[in-house]
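Hello,

Please take a look at the structure below. My notes on it follow.

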2 protein chains.
Amino acid sequence: MSKIRRYSIGTFMDTGAVISKLPKETGEIPYLKRIQRMELKKSDKEPQEEMVQRDEMVYHLSFQDRIYGLGENVRGINKRGWLYESNCTDDPNHTESKHSLYGAHNFFVVDGRETFGVFLDYPGKLILDMGYGQMDEIRIVPQDWNLDVYILEGGSILEIVKSFRKLIGRSYIPPKWAFGYGQSRWGYQSAAEIREVVKGYRENGIPLDAVYLDIDYMEGFKDFTIDKERFPDFPKFAEEMRKEHIHLVPIIDAGVKIEEGYEVYEEGKKNGYFCKDQEGKEFVGAVWPGKVHFPDVLNKEARKWFGQKYQGLLEQGIEGFWNDMNEPAIFYSEKNLEQVLKKIKSMKSRNMDMWEVFAFRDIVNGLANNPKDYSSFYHEIEGKKICHDKVHNLYGFGMTRAAGEAFEELEPEKRILLFSRASYIGMHRYGGVWMGDNQSWWSHLLLNLKMLPSLNMCGFLYTGADLGGFGSDVTEDLLLRWLALGIFTPLMRNHSALGTREQECYRFTQTEVFRNLIGIRYGLMPYLYSEYMKAALKDEMLFMPLAFVYPEDAHAREVEDQLLVGESIMIAPVYTQNAGGRYVYLPEPMKLVRLKDMEHIETEVLEQGHYYIEISLEEVVFFIRPGKIVPYTKAEQYVKEIPAEELRLMHFEAEGLEYELYQDDGFEKDYENPEHFKRLGVK
Amino acid sequence: MSKIRRYSIGTFMDTGAVISKLPKETGEIPYLKRIQRMELKKSDKEPQEEMVQRDEMVYHLSFQDRIYGLGENVRGINKRGWLYESNCTDDPNHTESKHSLYGAHNFFVVDGRETFGVFLDYPGKLILDMGYGQMDEIRIVPQDWNLDVYILEGGSILEIVKSFRKLIGRSYIPPKWAFGYGQSRWGYQSAAEIREVVKGYRENGIPLDAVYLDIDYMEGFKDFTIDKERFPDFPKFAEEMRKEHIHLVPIIDAGVKIEEGYEVYEEGKKNGYFCKDQEGKEFVGAVWPGKVHFPDVLNKEARKWFGQKYQGLLEQGIEGFWNDMNEPAIFYSEKNLEQVLKKIKSMKSRNMDMWEVFAFRDIVNGLANNPKDYSSFYHEIEGKKICHDKVHNLYGFGMTRAAGEAFEELEPEKRILLFSRASYIGMHRYGGVWMGDNQSWWSHLLLNLKMLPSLNMCGFLYTGADLGGFGSDVTEDLLLRWLALGIFTPLMRNHSALGTREQECYRFTQTEVFRNLIGIRYGLMPYLYSEYMKAALKDEMLFMPLAFVYPEDAHAREVEDQLLVGESIMIAPVYTQNAGGRYVYLPEPMKLVRLKDMEHIETEVLEQGHYYIEISLEEVVFFIRPGKIVPYTKAEQYVKEIPAEELRLMHFEAEGLEYELYQDDGFEKDYENPEHFKRLGVK
């Protein structure tokens, strides 16, 4: 029995998060108590202390309570013990002391003494103190008190999540080729360079379905353009790649370059589609192209216009996009840079003391993503001028919605790949997210795992991290271990940053191991694709913490480094360097499956309990739950080659049981067609 | 049978690392092969690739080889799989992709196909590629080929380490009170504030032996001064604190403020004791006090002079110091700042493109610890002018040696507490090290554990990390868990940075738990102090990886989150948030000891094997090895109060066996006096 109640505080602005507007409840909000209290504000620098009033919603946590959700964020699956701030932020250092990443995902479930879900539909900055200030208190502080609060109840966490997912609508479904392995790097300069990458994969027999184009493919970083010198005949090149079964996936950035004669700029300017400053002039930020305007994707007409711009690339043979820099990231604004330079010029160099030099450094570093800039431009939403900082967290959503809505019109019969860096709940209907600019850190391999179920709770099913890590230099063993997790994530993309060690698999010594590991992804595709599609169509989670599936098992509730993937599989990847294995907890008897490739599969039945499992760099290990089946096939070089027939089955205690297989052509949208659902039985 | 051979390449400069100069071997260096090879140098930014010659020493690693050592560094106990650079660096972000921390500790042991140790006695920047570039290769690249290479062989890792430790001389021994718990914070402004801290501890019955004074106690950050307004009568205040059994430990920074009339500056200048630039003028850097000169602590007379300056504080009742900023950290140099500001002033603000703004930001951030600055000043070493970058890694050693040598003269009968941030092997004879400016990250709790044995290998026994973390905001559970490790580290200090959450134990809710946990440190003092003293006097390790003690146990060789502490105890602290326990591997049967405080001790005998052990936030768990004894006593409020008599014993299968207890007055230096060694037997 699940129940959702909506409470509205103040003047609510429709964010687009939910698809069915519930009637407004009256009376007190259950669980959360709105209180005012006085707080002593102290500072190391100021001797005087002052009392300030805090207006907040609180929930008293008991010892055993755990908190799940919050989508894309640092720290654990259990979010208890930290302060999060929903504030889409371009910050490439995802250390555990950060409060915000790229997404704003205000849904969480408390489980323990009481079990309930909370969704705070609020587009501005929101503090979610999950037992940081006081270990026994959740504290919720929006910037202003205009928000919708949804309270969800149900028989279990999974039930609550499912009813939330119904509320927010069906998750985005990508084309099937987007479940193939993709290679990316910031720095691929030309068609010739991309050809080399494809050659590196194909010659080494390492599967590949996509190459991602980072900012370098554009002419002067101008959205929807292609540099003609480095890509002399782009449609032909895209065609050549398609023949190799490679899909090119270009990046689209939020900022539109200010350049006379550049069509997108001229159109946007003429029609007033860009965000404006207080005086009504177009706001000038700077991002990759230099000075830009930001399309007002929260304005319906501007959004429609911006979405239509993707058509040009679709016509040149492109079938997928990633939307980036859409928090939006701002390297600096024209006005702020002027002020900063003025201030610097007034500094007396020789007599600066150390604090002045620090201040100097801080203002320079403060040029990027400056809160003052975010509060100095405006959107026009249904005729109203609304300051960006009130709706900041909707920007990435708006940009991706622009593309998604356009694709519905431009390609009504075809799925187009689309994912974004910034996001808000609701955007999951239009595209996926990747986990942003992570680092080649072992800790980020584990963070990748931990974000998966939290993102699924918030509707984001198509997701994955930059495998091997974006920033910093990868090591061969880190890439191998990370791929062994990436096999299971819908988006399986290796991506790295300019200036870091080259990270394409064929550049390392153990080419055969890379071939085999990625091959396993293709071999498991019948299962992985079926589970994805079923999760999307039934509003279910693809990645589940053990706590959700075995709620009565006290140890399972604590496990933070294993996940259930769909109905049959539990994964437990190795995430520490130089480790030859890891501890694994089996909440019930399971069959251990050990693969070096799809032809060499060993299995072993294990009883419920704790194990130390040896897992070499060359191996993938997963576990099959009792009564469950995993259909698989042989490894292939690209998704299209995967045979639909002659599937084999791995299973554990599943005699007489069946598996629901989902099979379609992988690009059409008749998702619910009963012909796509097949049943495979174990005799 | 252990054997050490010294090979000398080029012109070797005596660093002071070893105490007995071995004769020079002739012939080829065993294990390491010196080779030249050509390498393709690629860059994302430059289309052309170029061939460069690399001159290096290499060792071919086999699959099973592990690498131990390298002292203070990021990553695992097994250092394989990363590139380290010995280059003392003030960098407060100890993420896994960093190559250098504050120390330069060029000793490592390879264990696997062959077992041997290598010490590279080299004072400049040194690349130690431990299987990063190629997974199967160690690659050693100094800046120039003037170094001593020691090759060590022996029957076991522990034997090799012991013979290395003999070579480099006995580790520093602090006064016994320095094993008590200490509280520190950057930001304690005055005597009044420190009194409040002491009161907070004493009133809550939480043990405390020391309060550390960060830079704020000084007058204008001038070394060896005390701000008279905020500390009106410092000797009296020190006396007052001593009566409370609190030792004040002031910080001393490397840079000496340029200020006319300031004694230290005037003396140094007059005698030419500061480092000079190429033209022979005093080099001007800037650190906390603003513009400073750096005392030339590599010059014998200057070192002696600087050491004698500590006398003033000794005379005011100080018995311990921490030497900081001695990499040396340089916020900026006068010359470089001028150039940077000139460059900035020439920038055309409005037309800067994004790359120019990045360059602008980079030059500002590049002001600190700039390699150009390090190569622009000089030391005078035995009459020779030597560029700082050739001997960079000796600076912190020199500064600490200055103090240590002075203390021998000034206080020949008394131990003075001394530890440093920057270090080089050899410095371990004069003082300890703390692990620098870490963060309130769970990953740094584990890093703390991992650094302990590596530092011990290099002679640094007196060490510990800033418990709770220096930078970022701590959580109550992190502090509790970190203290449960800190109980076992010789330096047990809670330290935090200006602007972060206040971190004194009494500020949190679970005061009783803090009291109990820190009390356990005092209860275990008879054991912990004995083991420290024996390790120092016998050139042994205090913290040992399981791999060293159980070399035949394949699983023990992999364990990276448990340590042996002395002869009797194995620790396995919890280092993940919201975890109610952890996995522990027992390489032999052991007795689990579970304490809430010294009066509530539960034990359980466990067989060899893998366990999941529940450990609540209120508990400390450790394990006693078979045939071993742990003497303990009751918890006290400060070290002096700990009774020498009436010790109780925990033990496991030790009937008829004895424990060697070390007891002395805790401040005199007659370490070897046989009266200090007592035998406690289990009947």
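**A serine between two chains**

Ser97(B) is buried, with a relative accessible area of 13%. Keep in mind that this is a predicted model. Ser97(B) sits in a loop of chain B, between strand S5 (82-86) and strand S6 (103-104). Which residues does Ser97(B) touch, leaving aside its neighbours within four places in sequence? Trp441(A), Ser472(A), Arg75(B) and Trp82(B) are in contact with Ser97(B). One of these contacts has a polar part: the side chains of Ser97(B) and Ser472(A) make a polar contact at 3.2 Å.

**A loop residue in chain A**

Asp136(A) also lies in a loop, this one between strand S9 (126-130) and strand S10 (137-142) of chain A. Asp136(A) is partly exposed, because its relative accessible area of 31% falls between the cut-offs of 20% and 50%. Beyond its neighbours within four places in sequence, Asp136(A) contacts Tyr59(A), His60(A), Leu61(A) and Arg80(A). Phe63(A) is 73 residues away along the chain, yet its C-alpha atom is 7.2 Å from that of Asp136(A).

**Two helices in chain A**

Helix H14 (residues 511-523) packs with helix H15 (residues 525-537), both in chain A. Their axes are 5 Å apart and form an angle of about 55 degrees. That angle makes H14(A) oblique to H15(A). From H14(A) come Arg521(A), Tyr522(A) and Gly523(A). They meet Met525(A), Pro526(A) and Leu528(A) in H15(A). By type, the residues of this contact are four nonpolar, one polar and one charged.

**Strands in chain B**

Six strands of chain B form an open, antiparallel sheet. Their order is S29-S30-S31-S36-S33-S34. Which strands stand at the edges? They are S29 (543-544) and S34 (600-606) of chain B. Each has a single partner strand, so one side of each is left without a neighbour in the sheet.

Within that order, strand S31 (residues 569-571) and strand S36 (residues 620-624) of chain B pair in the antiparallel sense over three bridges. Ile571(B) stands opposite Phe622(B) in S36(B).

Chain B also has a hairpin, made of S21(B) and S22(B). Strand S21 (residues 377-381) and strand S22 (residues 384-387) run antiparallel and are joined by four bridges. Tyr378(B) has Cys387(B) in S22(B) as its bridge partner. Two residues lie between the strands. Glu382(B) takes a positive phi near 45 degrees in this hairpin.

Best wishes

Note on methods
Residues numbered from 1 in each chain as written. Chains lettered and ligands numbered in written order. Predicted model: local features only at pLDDT ≥ 70, side-chain atom pairs only at ≥ 80, totals over all residues. Heavy atoms only, no water. Axes fitted to C-alpha atoms, helices over the stretch in contact; angles between N-to-C directions. Parallel < 35°, antiparallel > 145°, perpendicular 65-115°, else oblique. Contact = heavy atoms within 4.5 Å. Nonpolar A, V, L, I, M, F, W, Y, C, P; charged D, E, K, R; others polar. Pairing = 2+ DSSP bridges. Buried < 20%, exposed > 50% of the residue type's maximum accessible area, 1.4 Å probe, protein only. Polar contact = N/O pair within 3.5 Å; in protein donor to acceptor, adjacent residues only side chain to side chain.
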